[in-house]
Amino acid sequence: MSKYFRSFEKLISAIVDIMLAILVVLVLVVMAEAIYKIITYVIPLTKVSDLSFLIEEIATLFILLEIILMLLRYVKEGHHIPVRYLILISITAILRELLLAQGKGLETLFLALAILVLIFVLQALEKLKSFHSSKDI
């Protein structure tokens, strides 16, 4: 029975790896498209709205880059994603929204508070990690 389970587990793992590879390729295509948009439409910077679009596209590129790095780490570490990566991607996404929330005071305040909460969560996770590693010594 355990032999069949191990072969089934390997099959599922291989399927997941293939699907993740396809996802990485799709994210790379979207990143290439965003870079093309930046080069063709935004680089001349004729209007202020072009600058806003440039900031939006660059922030999106950072989010996509972090997603690719997270997927690669997921495969490298044996199908495990550290919570820290998910929190960092969330902070980047909120920062993107914060950059785009021009002139909306209450929304800006809530986004800043969300970032602050996520930073506190990161700090708490690091304290717990150091507490558990010092306890093992």
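Colleague: What should I know about the model before I start?

Modeller: The model is predicted, so local features need pLDDT of at least 70 and side-chain atom pairs count only at pLDDT 80 or more, while totals for chains, interfaces and linings use all residues. Residues are numbered from 1 along each chain as its sequence is written, and side-chain values use heavy atoms, with hydrogens and water left out.

Colleague: How much space lies in the largest pocket, and which residues line the largest pocket?

Modeller: Rolling a probe the size of a water molecule over the atoms shows where empty space is left. A pocket here is an open set of points on a 1 Å grid over the protein atoms alone, where a 1.4 Å probe fits and protein lies on both sides within 12 Å along at least five of seven lines, and lining residues have an atom within 4 Å of a point. The volume is the space filled by probe spheres set on the points, with grid points joined across faces, edges and corners. In this structure the largest pocket holds about 170 Å³, and its lining is made up of Arg73, Pro82, Val83, Arg84, Leu122, Leu125, Glu126 and Lys129. Two or more of these residues come from each of α3 (83–100) and α4 (105–135), where helices are DSSP runs (H or I, at least four residues) numbered from the N terminus. The largest share, four residues, is supplied by α4.

Colleague: What classes of residue make up that lining?

Modeller: Ala, Val, Leu, Ile, Met, Phe, Trp, Tyr, Cys and Pro count as nonpolar, Asp, Glu, Lys and Arg as charged, and the others, Gly among them, as polar. By that scheme the lining of the largest pocket has four nonpolar, four charged and no polar residues.

Colleague: Which residues form the largest nonpolar core?

Modeller: A nonpolar core is a set of buried Ala, Val, Leu, Ile, Met, Phe, Trp, Tyr and Cys residues joined through side-chain atoms within 4.5 Å, and buried means under 20% relative accessible area, exposed over 50% and partly exposed in between (1.4 Å probe, protein chains only). The largest core has twelve residues, among them Leu20, Val24, Met31, Leu61, Ile68 and Tyr74, and at least two of its residues come from each of α1 (2–42) and α2 (48–76). Within it, Val24 touches Ile68 and Leu71, not counting residues up to four places away in sequence, contact being heavy atoms within 4.5 Å. A second, separate core has eight residues, including Ile94, Ala101, Leu111 and Ile115.

Colleague: Is Thr92 buried or exposed?

Modeller: Thr92, in helix α3, counts as buried because its relative accessible area is 15%. Residues up to four places away in sequence aside, Thr92 touches Phe62, Ile63 and Glu66.

Colleague: Where does UniProt place the feature "transmembrane region"?

Modeller: UniProt positions are given in the numbering used here, with feature names shortened, and annotations may be inferred rather than shown by experiment. The unreviewed UniProt entry places this feature at residues 12–39, 51–71, 83–102 and 108–125. In the model, residues 51–71 are 100% helix and 0% strand, with the end C-alpha atoms 30 Å apart, and residues 83–102 are 90% helix and 0% strand, with their end C-alpha atoms 30 Å apart.
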